Amino acid sequence: MIKVLVVDDQILIRAGLAALIRAVPDLDVVGEAASGEESVGMTAATRPDVILMDIRMPGMNGVTATERILAAEHEHLPRVLILTTFDLDEYVYSALRVGASGFLLKDTPPERLIAAIRTVASGDMLFAPSVTRRLIEAYTRRPTPAAAPPSPELGSLTAREAEVLKLVGHALSNTEIASRLCVSAATVKTHLNRAMTKLNLTSRAQAVALAYEAGLVTPGR
């Protein structure tokens, strides 16, 4: 059973999402939060596997709430699936950088929403990678005066780990990367996990962002 916490400041949207999820046998709604602040406390109390997090909320927005939730020292950290109205919402890239597992548009069909919850719960690839790639490309082109320099730990990666990270940056799944490199999907997962450990990354989303920021992937190519 996948435990889900629904976070949205609009009661009709929140109730609709919760009702949809409750109708699925392998999903369980463990709570509904109306704000970012409430989601932080409710996460600690209910320990969900997946959080559907609205990104634009008064007070603490979804980015800050995600950052606080994923910074908590718990053995079981949830996967955060960001909900947004716009596919290039300025907050979405920030949410990916703090560890969100992916994002969905609020007009996503119900069956794709359910599939996305299962996908991030399993720790798999970002949902809707082509849309995520467009977002990352758009925001890496913007000037960011306070942007951090590429991680000095990038040099600690082996050639194969760097290659896998680059292909992850192109939004390829482990199976697609395995086919391109003529190795097994399990081998790809091992290389990616090692690279993420060395770079202190906690999600595939952060790996995609770092691949762009470090120059492994050139926007538009």
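This briefing describes the fold, the cores and one annotated site of a protein chain.

The model is predicted: local features need pLDDT of at least 70, side-chain atom pairs count only at pLDDT 80 or more, and totals for chains, interfaces and linings use all residues. Residues are numbered from 1 along each chain as its sequence is written, and side-chain values use heavy atoms, with hydrogens and water left out.

The protein chain has 10 helices and 5 strands; these are DSSP runs numbered from the N terminus, helices being H or I of at least four residues and strands E of at least two. Of its 221 residues, 47% count as buried, where buried means under 20% relative accessible area, exposed over 50% and partly exposed in between, with a 1.4 Å probe and protein chains only.

- An open sheet is formed by 5 strands in the order 2-1-3-4-5, with parallel pairing; two strands pair if DSSP finds at least two bridges between them.
- Strand 2 (27-33) and strand 5 (102-105) are the edge strands, each pairing on one side only.
- Strand 1 (residues 2-7) runs parallel to strand 2 and is joined to strand 2 by 6 bridges.
- Val4 has Val29 in strand 2 as its bridge partner.
- Helix 3 (residues 62-71) packs on the sheet, where it touches strand 3 (50-54) and strand 4 (79-84); contact means heavy atoms within 4.5 Å.
- The direction of helix 3 makes about 155° with that of strand 3; axes are lines fitted to C-alpha atoms, for helices over the stretch in contact, and angles run from 0 to 180 degrees between N-to-C directions.

**Asp54**

- UniProt, in an unreviewed entry, lists Asp54 for "modified residue: 4-aspartylphosphate"; such annotations may be inferred rather than shown by experiment.
- Asp54 lies in strand 3 and counts as buried because its relative accessibility is 2%.
- Not counting residues up to four places away in sequence, Asp54 touches Val7, Asp8, Asp9, Gly62, Leu83 and Lys106.

**Nonpolar cores**

- The largest nonpolar core has 22 residues; such a core is a set of buried Ala, Val, Leu, Ile, Met, Phe, Trp, Tyr and Cys residues joined through side-chain atoms within 4.5 Å.
- Helix 7 (159-169), helix 8 (174-181), helix 9 (185-198) and helix 10 (204-213) are the elements that give two or more residues to this core.
- Helix 10 provides the largest share, 5 residues.
- Ala207 is among the residues with the most contacts inside this core; leaving aside neighbours within four places in sequence, Ala207 is in contact with Leu165, Val168, Met196 and Leu201.
- A second, separate core of 19 residues includes Ala18, Val29, Leu81 and Val120.
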